[in-house]
Amino acid sequence: MADTSHALSTSVLRERLETAFPSLLDELTQLVAIPSVSSDPAHATDVERSAQHLRGRFEALGLEAKVLRERAEDGTEGKPAVVARTPRIEGAPTVLLYAHHDVQPVGEVDRWTMDPYKAQVRGDRIYGRGSSDDGAGVVVHLGSLSILGDDLPVNVVVYVEGEEEIGSPSFTAFLDAHKEELAADVIVVTDSSNWKPGEPAVTTTLRGNAIVTVDVTVADHAVHSGAFGGPLLDSVAISSMLIASLFDERGDVAVPGLGGSDHADVDWPEEELREAAGMVDGMKLAGSGDIAARMWTKPSISVIGFDARPVSNASNTIAPHTRFRLSMRTVPGVDPSQAQDRLVDYLLSHAPFGARVEVTREDAGAGYQADMDSPVTRALHEALTEAWGVPSVNIGVGGSIPFISEFQRIFPGAQVVVTGVEDPLTNAHSEDESQSIPDLKAAILAEALLLARVSRL
């Protein structure tokens, strides 16, 4: 290796980034143009095209790259993933860089102010489906490797999967099949968020997720609401009572034994949360504790599906059966299966008026708690602070990235860190998704700085 003491200075990397960035932004525009919607079989060829496109991009940087797929446990064929590796440096640590190249469906196209697959730059943001989640994450990896070039002091394996947006069903099988190929000392996941535009963050906690389906039955057939209404409550009303019992008078989750913390490292102003969520006037915030803690380190329960007779088909009959589905975000560090068990026990023991309540356990994914004493975590904070020019903070994310626990299980010796390029204005999974261009540039520099520093840890 050449002497990199000067070549890896921040100023030199910034100069290289200024030169390379226009082409990197163009690369993001090309990614947006590929509708790699993993949930839609009609876009299977687009997901394949996206993977092959990225294989070529990493090969152009001098990496050995290939497109691979594995079958999930149920036998379903997985989506194409890209695995790329830099030339081997004997004795140097290995860093695995993760991102995903599949995207969410666009939803209602008429709610977009543009063609979702034709990227547009407006001010300091670039708009388009996948512009941030996770096209920007992929570009961060391409960019950091581009500006380090021959001065890269570590071994790098890039893993860009193609099914994150559908829950990564073949992820575990893929890691098991390619364990030796993907083994690393450090794993960098670039699929999270920053605190605000212009303010970088390390994601130190992620909530887990536990889902259940609930069937509520009050009678074996529908009956006339005039003849029997009063002593017999309909299943929709009973279900509503059961759902309401999950929360106390403040709106905190009433299910015992789920854990949680009322405190967060940052202050989330209420007006910013209300604006980001689009809350209607007069709607009060639920729960207690720091607002950020309510989002990141306390449990929450949401009704994500509810089967009932539609108003257009209203009938004067008492509904005998209702089904609904609950999504519970679990506290980082809490076993989601145990939390799911507590939710099931609560639902069964709180059946209103003795109605028949049956609960089916669905998926349960683990949360994530970062090792705050890890030297890689400290190095990441330093790199983010230097790249952005403002202090990096610790944040949590209310959503779940269950595959991180699989990284930790299969590679127990690796130090895992989570960062990203999204921000509260990104609108990921919704219309007019966008990415801050200055933050994208800073994220590329930060990852290059981190790779340079890992070699000295």
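How confident is the prediction? The protein has a mean pLDDT of 94, with 98% of its residues at 70 or more. Residues 1-7 are another story: pLDDT stays below 50 there, and the stretch makes 11 contacts in the model once near neighbours in sequence are set aside.

On to helix packing, starting with H1 (residues 10-32) and H2 (residues 44-60). Their axes come within 11 Å and cross at roughly 160°. An angle over 145° counts as roughly antiparallel, so that is how H1 runs relative to H2. The crossing of H1 past H2 is right-handed. On the H1 side, the contact uses Glu 27, Gln 30 and Leu 31, and on the H2 side it uses His 53, Leu 54 and Arg 57. Sorted by class, the residues of this H1 and H2 contact come out as two nonpolar, two polar and two charged.

Helix H13 (residues 437-454) turns up in the next packing pair, with H3 (residues 135-148) as its partner. The axes of H3 and H13 are 8 Å apart, and the packing angle is about 55°, which means that H3 is oblique to H13. Here, too, the crossing is right-handed. H3 brings Ala 136, Val 139, Val 140, His 141, Gly 143, Ser 144, Leu 145, Ile 147 and Leu 148 to the contact, where they meet Leu 440, Ala 443, Ile 444, Glu 447, Ala 448 and Leu 451 of H13. The class count for H3 with H13 is 11 nonpolar, three polar and one charged.

H13 also packs with H11 (residues 375-388), and those two axes come within 8 Å and cross at roughly 140°. H11 and H13 are therefore oblique to each other, and H11 passes H13 in a right-handed crossing. From H11, the contact includes Val 376, Ala 379, Leu 380 and Trp 388, along with the charged pair Glu 382 and Glu 386. From H13, the residues involved include Asp 439, Ala 442, Ala 443, Leu 449 and Arg 453. The tally for H11 with H13 is 13 nonpolar and four charged residues, with no polar ones. Ala 443 of H13 is listed in the contact with H3 and also in the contact with H11.

Two spots in the backbone deserve a mention. Asp 134 sits in the loop that links strand S5 (125-127) to H3. The other is Ser 168, which has a positive phi of about 50° despite not being a glycine. Ser 168 is also a loop residue, placed between strand S6 (155-161) and helix H4 (171-177).

Definitions and conventions:
Residues are numbered from 1 along each chain as its sequence is written. This is a predicted model: local features need pLDDT of at least 70, side-chain atom pairs count only at pLDDT 80 or more; totals for chains, interfaces and linings use all residues. Side-chain values use heavy atoms; hydrogens and water are left out. Axes are lines fitted to C-alpha atoms, for helices over the stretch in contact, and angles run from 0 to 180 degrees between N-to-C directions. Helices (H or I, at least four residues) and strands (E, at least two) are DSSP runs, numbered from the N terminus. Angles under 35 degrees count as roughly parallel, over 145 as roughly antiparallel, 65 to 115 as roughly perpendicular and the rest as oblique. A crossing is left-handed if the near helix is turned anticlockwise from the far one by less than a right angle, and right-handed if clockwise. Contact means heavy atoms within 4.5 Å. pLDDT is the predictor's confidence in each residue, from 0 to 100.
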